[in-house]
Amino acid sequence: MPLISVENLSRRYLMGGETIHALRDVSLAIESGEYLAIMGPSGSGKSTLMNLLGCLDSPSSGRYELNGSRVSEMDDDQLAEIRNREIGFVFQTFNLLPRSTALQNVELPLVYSGMPAVARRQRAIEVLAQVGLAERMQHKPNELSGGQRQRVAIARALVTRPSIILADEPTGNLDSRTGDEIMSLFAELSVNGNTVILVTHEEEIARHTRRIIRIRDGLIASDQTNISPPPTPGAHTDTGQPMVP
Amino acid sequence: MSKASPIRLSELLESARMAIESVRSHKLRSALTLLGVMVGVFSIILVMTTMRAMQRSIEGELAALGANTFQIQRWPALSFGGPGSWEKYGRRKPISMSDLRLLQERATLAIAVAAQDNLASGEASSRFDTTPPNVRLIGATAGVFPARNWNMKEGRPILDADVESATEVCVLGSGLEENLFPFGSALGERIKMDGIPYRVVGVLEKKGALGGSSQDNFAVIPLTTGLNRYGRIWRSIELLVQAQDLQRYEDTVEQVRGILRTARKVPPGAEDDFDLFSNDSLISQFQSFTLTARIGVAAVSSIALIAAGIGIMNIMLVSVTERTREIGIRRAIGARKRNILTQFLTEAVVLCELGGLIGVAAGLIAGNIAAQVLNLPVVIPVDWVFLGLLICSAVGIIFGVYPATKAANLDPIESLRYE
């Protein structure tokens with residue numbers, strides 16, 4: 001059974017008495033461990049799809065199953081729990097809490113999942129080390145560079161061991177060199193068995209993934225395997241961590 | 001999956017930490033908001049501390065009577081009526097020695113009936129020293145000693161025989177003894193008051209000083225001796241009646257009241273033309289008087305607290321708007337509506353409690369300074385401290401609910417997009 005199974009998913013908005021079809025009857029299956037990109041110009045419905053996949057929003061009709069749970073029929077509290085347990089968000093603007101340290105930011109999802117403080121701290125430190133920020137845990141976001149902030153955000157996404165990592169234009173606010181570093185971090189996560197979904201409008205970024213889904217006017221325009229992904233980073237990465245396939 | 005998990009302690013701690021952080025990062029704004037709560041709680045604690053100190057001191061002075069004892073006199077012991085009511089008491093017939101004898105004869109339920117009167121206040125002198133003119137001279141019968149819990153330090157009390165033959169003996173309060181006879185026992189010595197000599201036959205145990213003036217600065221002589229010297233006409237004495245035990249106390253009061261009403265020809269249905277009170281009735285009278293003052297303070301304070309609460313609500317609404325994005329982030333990584341609600345409620349309560357703690361501390365300090373100035377004992381009204389802090393929490397919750405609900409109901413997608 002696929003990790004994500006979407007059938008005839010639609011999302012309609014009512015705006016000024018007019019119904020807007022942001023997403024029309026989208027069907028989709030994503031297996032565990034896949035590394036894919038959802039692409040499309042702005043207004044195509046890719047953000048709507050991301051919000052639905054990320055359980056931030058509920059569909060107007062259709063069925064969405066994530067890891068065996070019928071997400072499309074859940075109430076607000078259950079969705080919050082699914083977001084906490086199954087989904088790790090990475091945003092374009094990092095979205096870290098400005099007054100908390102890197103460590104506190106990474107700990108936060110575990111606060112909501114109710115993990116005891118000691119175990120929580122330990123797990124957060126572990127994940128921060130994994131993204132190469134062991135030295136900067138006590139720094140606040142404004143004391144970190146853009147790339148470091150995004151690493152904190154990725155650590156926060158990973159800390160609950162979610163089923164999917166959902167990244168929305170993760171390199172959009174970074175220069176190209178830092179962007180490449182972040183992309184190789186995603187590649188590494190994918191190699192380690194995480195399911196990674198990138199939402200982007202940049203071909204350059206999508207090229208790193210192994211499957212590209214293109215959205216246009218609320219419909220899936222194409223869904224193809226990327227025949228020429230760049231070679232996954234070798235055993236040597238900038239995190240200094242050995243690769244575990 | 002568990003549908004309703006309880007609010008966890010770790011989450012509350014996290015909320016409290018965030019709250020303190022946010023207070024710290026907006027120092028001036030928070031301080032101004034706190035000020036309202038502070039003033040409200042300050043006024044409550046200040047008045048309650050002062051009142052409690054006053055009450056402590058007055059209760060100590062009122063507790064002069066012994067167990068199961070009540071007192072009858074022409075003037076009320078505590079009067080809050082003002083000059084208008086003095087005329088009413090002035091018309092009352094004085095209580096005389098014949099009333100005493102009548103009660104001794106007919107009040108079968110009482111084990112002792114005694115009489116006393118404050119005869120004069122003046123200077124007393126011994127061969128060693130002369131006091132300032134503030135020594136009270138009390139005339140008493142033998143029964144007054146047990147009725148007022150007067151115990152002998154040395155010598156003997158006034159006896160029935162002294163009263164019958166109006167002897168010129170006296171018993172000294174311990175304060176007066178120390179002043180007049182600093183070098184040794186007073187027994188057998190002579191003192192003079194108003195030029196009249198008395199032989200000291202006993203000294204009372206110390207009762208202590210309350211409210212600054214010594215309770216023990218007096219001399220007791222036989223009531224009859226005093227009445228002979230200072231006159232009987234228009235003098236109203238005070239009667240002390242001791243009941244056998246607590247069960248028969250009420251019956252004794254009723255019997256005594258009946259005897260006196262008959263003797264003084266009070267028509268049925270009319271008010272007593274004398275005042276009858278015990279320690280307890282005096283204390284409850286005092287409390288019912290201060291109740292008015294306490295209600296007044298409560299009303300003023302609650303207005304201050306409501307104003308403070310509106311300030312809190314305003315600040316919390318600003319805070320929710322400012323932190324829309326943070327709310328979105330928290331919702332995205334798994335916070336339930338309830339978690340957000342808890343966070344903002346905690347913040348409102350923390351704000352109020354900070355103000356409350358400062359207000360309590362300032363109120364206690366100011367109240368006790370006031371007590372010191374009024375020569376009253378230092379007190380900490382623990383119940384009011386807790387009640388004050390509880391009220392703060394209540395204000396935080398009541399005025400925090402709306403902003404917190406607003407925060408909890410923000411749409412996660414919209415708030416993530418908020419700039």
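Reader: Where does A:Asp25 lie?
Author: A:Asp25 is part of strand 2 (residues 18–30) of chain A; helices (H or I, at least four residues) and strands (E, at least two) are DSSP runs numbered from the N terminus. This is a predicted model, in which local features need pLDDT of at least 70 and side-chain atom pairs count only at pLDDT 80 or more, while totals for chains, interfaces and linings use all residues. Residues are numbered from 1 along each chain as its sequence is written, chains are lettered from A and ligands numbered from 1 in the order in which they are written, and side-chain values use heavy atoms, with hydrogens and water left out.

Reader: What is the phi of A:Asp25?
Author: Phi of A:Asp25 is near 45°, a positive value in a residue other than glycine. Most residues other than glycine have a negative phi.

Reader: And what about phi of A:Cys55?
Author: A:Cys55 also has a positive phi, near 60°. A:Cys55 sits in the loop between helix 1 (46–53) and strand 4 (61–66) of chain A.

Reader: Is A:Cys55 buried or exposed?
Author: A:Cys55 counts as buried, at 0% relative accessibility. Buried means under 20% relative accessible area, exposed means over 50%, and partly exposed is in between (1.4 Å probe, protein chains only).

Reader: Turning to the interface, how many residues of chain B are in contact with chain A?
Author: 31 residues of chain B are in contact with 31 residues of chain A, where contact means heavy atoms within 4.5 Å. The area buried between the two chains is about 2,800 Å², and carbon and sulfur atoms give 54% of that area. Buried area is the accessible area (1.4 Å probe) that two parts lose on being put together, summed over both.

Reader: How many salt bridges are there between chain B and chain A?
Author: The count is two salt bridges, each being a side-chain nitrogen of Lys or Arg within 4 Å of a carboxyl oxygen of Asp or Glu. B:Arg331 forms a salt bridge with A:Asp76, with the closest N and O atoms 2.8 Å apart.

Reader: Which helix of chain B gives the largest share of the side that touches chain A?
Author: Helix 1 of chain B gives the largest share, eight residues. Helix 1 (9–25), helix 11 (324–332), helix 12 (337–373) and helix 14 (412–417) of chain B each supply at least two residues of that side.

Reader: Is helix 11 of chain B enclosed or open?
Author: Helix 11 of chain B is largely enclosed by the rest of the structure, because nine of its nine residues are buried. Among them are B:Arg330 and B:Arg331. B:Gly334, which follows helix 11 of chain B, has a positive phi, near 120°.

Reader: Back to chain A: what is A:Lys140 in contact with?
Author: Leaving aside its neighbours within four places in sequence, A:Lys140 is in contact with A:Pro98, A:Arg99, A:Ser100, A:Thr101 and B:Glu21. A:Lys140 counts as partly exposed, at 30% relative accessibility. A:Lys140 is found in the loop between helix 4 (117–130) and helix 5 (146–158) of chain A.

Reader: How is chain B divided into domains?
Author: Chain B has domain 1 (9–60 + 285–417) and domain 2 (69–277), with bounds that come from an automatic or database domain assignment. The centres of these two domains of chain B, taken over C-alpha atoms, are 52 Å apart.
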